[in-house]
Amino acid sequence: MTTKTARAQGGGRSRKGLLKRLAAPVRPLDAPIWLRLGTFAVVLAIGVLIPLNSPTYVNFDLSMVMVYAIVGMGLNLLTGFNGQISLGHSAFFATGAYIAAVMIKNDYNYLLTIPIAVVVTWVLGYLFGMPALRLRGLQLALVTLSLAIVTPALIKRLDNITKGQEGINVFLPEPPAWTGLAADQWVYFICLIALAIAWILTRRLSTGRVGRSLVGIRNNELVAQTLGVRASRVKTGVFALSAAYAGFAGVLYTYVVQFVGPDSFGLVMAITFISIIVVGGLGTISGAILGAAFIQYLPKVTSGAGDSAAGFFYGLALVAFMFLMPSGIAGLINLALGPMVRRLPGRRPLAAAPVGSGDMAQVADAPGDEPAEPAEGAAEPGAMSAPRAGGADSSG
């Protein structure tokens, strides 16, 4: 064997090894608590300072990233952690946006629209989630896809409320004088607070007993039920919760864009929402933010290549991530920084486990978490251990 041939074979094995590592389940960063809190504080501080010295269009783009990130967190709870696929969350997003637009147009306090939209979309999500329990995988995806297709037509049909094709222009009141902020800065900070709340709530849910139930159902629903998880209640609840996330983000969308129209909430938006969690990283909280930034800034980066370039690169990115790097951008970051972070000293909240391993036997125990409560009529625990949520990345 010549030296040139040996080098060629070595390079081929190296490329195959890299592709195999990218496609393999990625362990969470498993960062110590002090690093998690420090990173959160630094990112929050940067997020507070950025709008004070940025032009309006920068604040607009960042606000839209936060709006999409909230939708992505809800979808990640539903799809990444629980395994239910929904292509219809643009309908709940539109519901929240139109509730805000109509109420503000009728001189209601714009902050009052948030709890109302969250409650309405939660109820709609719960009602839709109950019959959807009988559906799985592709069937559920197709049924929810019908929501995305019907939504623009329904909005046009209800033109006495929604103004039909014309849409609704929204003008928010001026920010409180004591803040000294411009309008775009005020809206930015509302979105930032909303994102922080969504982050904390998602993290609490994904790392606790609820998270373990979600991952247990995703990995093996029958085994999860045997261990005392009420699958129907959990699946319906997480569907309703993810719908409420979308409704919440829809209200913020109205604040930021200050216009709602039926053509903004169609099939393209439904695909966009799925792109957020696939590109960012299924089953990761930080992946929702990374995916949201991707879809917000990709059209700007590719604008020089033509009007259809953004759609082309969306599709290309989805195919590339699904085949080459199913753990998304968050998984790539974990792969790059994991070896260094795992050497850092300090107490960890969770033992590390591979993301998306799909095998509960590989999921590590989560110290400090409470065991799942047994369901009525379920077998008494003891013979088997409860499923753990370590298989889902909650490292942020």
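Start with the crossing: H3 passes H8 in a left-handed way. Keep in mind that this is a predicted model.

How do the two helices run? H3 covers residues 56-81, and H8 covers residues 183-207. Their axes come within 9 Å and cross at roughly 20°. Angles under 35 degrees count as roughly parallel, so H3 is roughly parallel to H8.

Now, who meets whom? From H3, the residues include Thr-56, Leu-62, Met-66, Ile-70, Leu-77 and Phe-81. On the H8 side, look for Asp-184, Tyr-188, Leu-192, Leu-195, Trp-199 and Leu-205, among others. By class, the H3 contact with H8 has 16 nonpolar, 6 polar and 1 charged residues.

Next, Thr-284. Where is it? It sits in the loop between helix H12, residues 267-280, and helix H13, residues 285-301. Is Thr-284 buried or exposed? Its relative accessible area is 3%, so Thr-284 is buried. And what does its side chain face? A polar atom of the Thr-284 side chain lies 2.7 Å from the backbone oxygen of Gly-281.

Last stop, Ala-317. This one is in helix H14, residues 309-324. Ala-317 has 10% relative accessibility, so it counts as buried. Which residues does Ala-317 contact, leaving aside neighbours within four places in sequence? Val-279 and Phe-294. Take Phe-294: in sequence, it is 23 residues from Ala-317. In space, the two are 10.0 Å apart, C-alpha to C-alpha.

That's the tour. Questions, please.

Definitions and conventions:
Residues numbered from 1 in each chain as written. Predicted model: local features only at pLDDT ≥ 70, side-chain atom pairs only at ≥ 80, totals over all residues. Heavy atoms only, no water. Helix = DSSP H or I, 4+ residues; strand = E, 2+ residues; numbered from the N terminus. Buried < 20%, exposed > 50% of the residue type's maximum accessible area, 1.4 Å probe, protein only. Polar contact = N/O pair within 3.5 Å; in protein donor to acceptor, adjacent residues only side chain to side chain. Contact = heavy atoms within 4.5 Å. Axes fitted to C-alpha atoms, helices over the stretch in contact; angles between N-to-C directions. Parallel < 35°, antiparallel > 145°, perpendicular 65-115°, else oblique. Left-handed = near helix turned anticlockwise from the far one by under 90°. Nonpolar A, V, L, I, M, F, W, Y, C, P; charged D, E, K, R; others polar.
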